[in-house]
Amino acid sequence: MLIHSAVDNDIHPPRFGGAQRSFGLARGLARRHEVRVLCVTPNRAPGPERERVDGVELVRRRSWHTSVAWRLERARLAPLFTAASGHRANAKRYAAALGAGADVFAADLNLGGMLGVSNAPLRLHTSHNVEYDRFRRSAPPVLARSRWAERLRRLEQRAVDAAHVTVVCTEEDAARMRELYGLTAARLEVVPNGYDETRLAPPSAGERRRARQSLGYGESDYVAVFVGADWGPNREALRLLTGRVLPSLAADGVRLLVVGSVGRAMRGRREPWLRVTGEAPDLAPLLHAADCGLNPVLTGGGSNVKVPGYLACGLAVLSTPFGIRGYAPLEPYCTVTGPDGFADALRARPRGFASRGEAPPPALGEFAWGRLGERLGERCEAHLASRGAKGAA
């Protein structure tokens, strides 16, 4: 199959959850199929116009719509998804950048206007969250939020109506899509979030020692890591950790390592138990320095890619019940507790499978992006066959 996809961000290197999902699935699809992804980026974004990475052809087009929408959101006048209007006006130009002849065309929400100009036999709306629900729970502080929420609901409705199939992250999101937009089970595919099996693995003794030394950790330090992009639920989770959990554990040698753009919220903080690295193109060395991965999120959408990533590096995982959504097969290998239980759980210094000398959880391999992408390809083949059979009848 020839598979075309369109996303409204640069997915390589995949620095945050949405990009990790888009690129991870594309890489898995490319094991058996030809895959070309259009990345519509802000007008000053770096990166070559065309690039091939891990079998995926990336085509970048820069757009001022994204930059303007970002500035409007920063000014609290309008949310970022207003860029979708500009993208819709440029849908044919974007489609031309991908070329013709695709068997499958997939688009994220803000590029959903391209679904209406595609003639691919199978069209997919790729949903990272139920965006209407996500906006209502954690919308940016813009004017007329309720009005913008209803506009977003209409945008999401158009995307699912224009697609033959909507791909979601969790069964919970699938149920909500059915409730909100009248989708049938036949028009939904659940593909969970996963981890990069080509980069994330437990460290050797030497890798762990070097990773800890580079960050200044001693042998007696117990390092808990929190990875996240800079958005509401992660900022809320980080406030919980730095305000209620870690201060009571400093005397016990527990240290907090914050990785990702969510660390911007920690500017000016100088606690001895806190270290902030910011965004990192390669997570592995940072995770190799840690003992436990934290996911204290209480709100949000989709599922959190940090959970399988922590496990893949052999870490213990400590999560809220909400944070483990979408990963039922992995829950037995995690410590799941409410926010009030985080301090006690960390005080016990939980250890992951690697430090215990055990094999990885058997279920973990099913969450590798390569495998998830292959499975999505198989489902696309099945949908194409079904549509062909209906047409012949």
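How many bridges join E13 to strand E14 (residues 335-336), and do the two run parallel or antiparallel? Two bridges do the joining, and the strands run parallel. That pairing turns up again in one of the close-ups below, each taken from a predicted model.

**View 1**
Strand E13 spans residues 316-319, and both of its faces are covered. Ala316 and Leu318 sit on one side, Val317 and Ser319 on the other, and all four are buried. As a rule, side chains in a regular strand alternate between the two faces of the sheet. Strand E12 (residues 292-295) pairs with E13 in the parallel sense over four bridges, with Gly293 standing opposite Val317. The link to E14 is the two-bridge parallel one, and there Ser319 has Val336 as its bridge partner.

**View 1. The eight-stranded open sheet.**
Reading across, the strand order is E3-E4-E2-E1-E5-E6-E7-E8, and the pairing is mixed. Strand E3 (50-53) and strand E8 (188-190) are the edges, each pairing on one side only. On average, neighbouring strands here are turned by 25° against each other, direction ignored. Helix H7 (residues 171-181) packs on the sheet and touches strand E7 (165-168) and E8, with its direction at about 165° to that of E8. Elsewhere in the sheet, E1 and strand E5 (residues 104-107) run parallel and are joined by four bridges. In that pair, His4 stands opposite Phe105 in E5.

**View 2. Strand E7, with a neighbour on each hand.**
Val165 and Val167 point one way from E7, while Thr166 and Val168 point the other way, and all of them are buried. Strand E6 (residues 122-126) pairs with E7 in the parallel sense over three bridges; look for His125 opposite Thr166. E7 is also joined to E8 by three bridges, again running parallel, and here Val167 stands opposite Glu189. The chain gets from E7 to E8 through H7, in a right-handed β-α-β crossover.

Is H1 largely enclosed or largely open? Eleven of its 13 residues are buried, so the rest of the structure largely encloses it. Among the buried ones are Phe23, Leu25 and Leu29, and also Gln20, Arg21 and Arg27. The geometry checks out too: at 1.5 Å a residue, the 13 residues (17-29) should span 18 Å, and the end C-alpha atoms are 18 Å apart, which agrees. In the loop between strand E1 (2-7) and H1 you'll find Pro13. A cis peptide bond joins His12 to Pro13, with omega about 0°.

**View 3. Two nonpolar cores.**
The largest nonpolar core has 57 residues, and those with the most contacts inside it are Val225, Val245, Leu256, Leu294 and Leu346. Strand E9 (residues 222-227) gives the most to this core, with six residues. For a closer look, pick Leu346: setting aside neighbours within four places in sequence, Leu346 is in contact with Tyr222, Ala224, Val245, Leu249, Val254, Cys292, Leu294 and Leu318. A second, separate core of 27 residues includes Ala30, Val165, Val305 and Cys380. Nonpolar side chains do tend to be buried together in soluble globular proteins.

Ala144 has a positive phi of about 55° despite not being a glycine. Ala144 sits in the loop between helix H5 (131-138) and helix H6 (145-162), and at 38% relative accessibility it counts as partly exposed. Arg349 is the other one shown, with a positive phi of about 50°. Its place is the loop between helix H12 (342-347) and helix H13 (369-392). With a relative accessible area of 26%, Arg349 is partly exposed.

**View 4. Pro247 and Trp273.**
Pro247 belongs to the loop between helix H9 (232-245) and strand E10 (254-259). What does Pro247 contact, leaving aside its neighbours within four places in sequence? Leu241, Thr242 and Trp273. Pro247 and Trp273 are 26 residues apart in sequence, and their C-alpha atoms are 8.1 Å apart in space. Pro247 counts as partly exposed, at 39% relative accessibility.

Definitions and conventions. Residues are numbered from 1 along each chain as its sequence is written. This is a predicted model: local features need pLDDT of at least 70, side-chain atom pairs count only at pLDDT 80 or more; totals for chains, interfaces and linings use all residues. Side-chain values use heavy atoms; hydrogens and water are left out. The expected span of a helix is 1.5 Å times one less than its number of residues. Buried means under 20% relative accessible area, exposed over 50%, partly exposed in between (1.4 Å probe, protein chains only). Two strands pair if DSSP finds at least two bridges between them. Axes are lines fitted to C-alpha atoms, for helices over the stretch in contact, and angles run from 0 to 180 degrees between N-to-C directions. Contact means heavy atoms within 4.5 Å. A nonpolar core is a set of buried Ala, Val, Leu, Ile, Met, Phe, Trp, Tyr and Cys residues joined through side-chain atoms within 4.5 Å. A crossover is right-handed if, with the strands pointing away from the viewer, the path from the first strand over the helix to the second runs clockwise.
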